[in-house]
Amino acid sequence: MTTGALALVLATFLASAVETVEALTIVLAVGVTRGWRSTTAGIAAALAALTVLVALVGQGLTAIPIDVLRLVVGGLLLIFGLQWLRKAILRASGLKEIHDEVAIFAREAAEARARPPVDPRAFDAYAFTLSFKGVFLEGLEVAFIVLTFGATQGSIPLAALGAAAAVLVVTAIGIAARAPLARIPENTLKFAVGVLLTSFGMFWGVEGAGVSWPGNDGALPVIVLVTAVSAIGSVFVLRSRPIGTVTGASS
Amino acid sequence: MSRLRAFAVFCYDFVIGDDWRLALSVVLGLTATAALAHRGVAAWWVLPAFVVVASGLSLRRARRKNKWR
């Protein structure tokens with residue numbers, strides 16, 4: 001396996017693992033409080049919708065010339081990666097609330113209990129909608145990464161494989177634990193994914209703009225290293241004078 | 001109409017996120033890189049420079065925003 005293919009699988013695996021942990025928390029909260037019948041149907045519908053989306057958009061992306069694809073996708077990936085990295089840096093430096101799966105589970109479960117109960121054998125629209133939304137919205141970020149990474153690297157199936165492996169691993173751990181996966185270092189994983197997305201976005205964006213990096217593909221590990229060191233350095237600088245906590249979207 | 005607006009807001013949040021200036025810096029960085037490349041300049045360093053400056057300013061803004069809360 002080449003370095004690019006390895007990074008492709010690693011990035012999609014890590015991103016998918018993080019989003020699966022978040023989706024699993026919502027699904028568990030709904031399933032435990034409202035029953036599993038409609039919750040499972042919601043999960044299946046969301047996964048089917050995501051599969052269709054990846055298949056349709058993926059086919060379209062492969063028809064675009066590689067330089068245009070690298071410029072557009074590199075730019076999008078860089079914007080996406082910078083947002084992930086920004087949030088991860090703010091969380092690591094104590095300026096933004098850490099994603100707390102136990103607290104989210106408690107909140108979602110309380111909201112689900114507050115809704116009127118339905119017959120366990122009947123269709124529960126609330127459970128279906130909530131589990132569908134949870135899986136689809138978290139999965140959308142993974143689909144975005146699978147499509148952009150996969151198309152630019154020329155292997156959407158390999159990217160999808162990395163993502164699917166993470167879903168299976170995290171789901172298996174979740175079933176075994178029967179609780180929200182609070183012990184998975186979600187914020188650290190998000191930091192790593194942010195570094196990878198930013199680095200690859202920068203690499204492909206510049207190549208798509210018609211410029212070669214010094215050392216060509218050999219520049220990529222250097223970009224990843226410099227991005228990681230810069231991000232960790234930013235955390236240390238921000239930590240040296242902590243003020244409080246930034247509020248805002250916590251995905 | 002409200003659904004269309006909600007979808008637009010979702011798309012904005014999904015791609016642009018908390019700080020639109022980061023997205024703008026990427027677009028400007030890529031445009032400058034392409035323009036310099038067109039003139040034969042090995043401009044590989046332009047986009048990283050934009051990214052470093054924009055990220056630094058974005059983090060500083062987040063920290064300052066926090067200060068006045």
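Guide: Helix α3 of chain A is mostly covered, with 22 of its 27 residues buried. A residue is called buried if 20 or more other C-beta atoms lie within 10 Å of its own, exposed if 12 or fewer, and partly exposed in between, the C-beta atoms being placed from the backbone. Helices (H or I, at least four residues) and strands (E, at least two) are DSSP runs, numbered from the N terminus. The model is a predicted one, in which local features need pLDDT of at least 70 and side-chain atom pairs count only at pLDDT 80 or more, while totals for chains, interfaces and linings use all residues. Residues are numbered from 1 along each chain as its sequence is written, and chains are lettered from A and ligands numbered from 1 in the order in which they are written.

From its first C-alpha to its last, α3(A) reaches 36 Å, close to the 39 Å expected for 27 residues at 1.5 Å a residue; the expected span is 1.5 Å times one less than the number of residues. Just after this helix, A:G94 takes a positive phi of about 80°.

Beyond its neighbours within four places in sequence, A:L71 is in contact with A:G205, A:G208, A:A209 and B:L30, where contact means that the C-beta atoms of two residues, placed from the backbone, lie within 7 Å. The C-alpha atom of A:L71 is separated by 16 Å from that of A:L82, 11 residues apart along the chain.

A:F80 is also placed in helix α3 (residues 66–92) of chain A. This residue is buried because 26 other C-beta atoms lie within 10 Å. With neighbours within four places in sequence left aside, the contacts of A:F80 are A:F144, A:L197 and B:V15. Between the C-alpha atoms of A:F80 and A:D100, 20 residues apart along the chain, the separation is 22 Å.

In total, 29 residues of chain B are in contact with 28 residues of chain A. On the side of chain B that touches chain A, α1 (2–15), α2 (20–38) and α3 (46–67) of chain B each supply at least two residues. The largest share, 12 residues, comes from α3(B). By class, this side of chain B has 17 nonpolar, 5 polar and 7 charged residues; Ala, Val, Leu, Ile, Met, Phe, Trp, Tyr, Cys and Pro count as nonpolar, Asp, Glu, Lys and Arg as charged, and the others, Gly among them, as polar.

The other helices of chain A may be taken in turn. α1(A) has 24 of its 32 residues buried, so it is largely enclosed by the rest of the structure. In α2(A), the buried residues are A:S38, A:T39, A:G42, A:I43, A:A46 and A:V54. They pack against α1 (3–34), α5 (125–153) and α6 (156–177) of chain A.

Two packed helices are described by the angle between their axes and the distance between the axes. For α5(A) and α6(A), the angle is about 145° and the axes are 8 Å apart. Axes are lines fitted to C-alpha atoms, for helices over the stretch in contact, and angles run from 0 to 180 degrees between N-to-C directions. Residues that meet here include A:V142 and A:F149 in α5(A) and A:I156 and A:L158 in α6(A). This contact has 10 nonpolar, 1 polar and no charged residues.

For the chain as a whole, there are 8 helices and 0 strands in chain A. Of its 251 residues, 47% count as buried. Among contacts in chain A between residues at least 6 apart in sequence, 88% join residues at least 24 apart.
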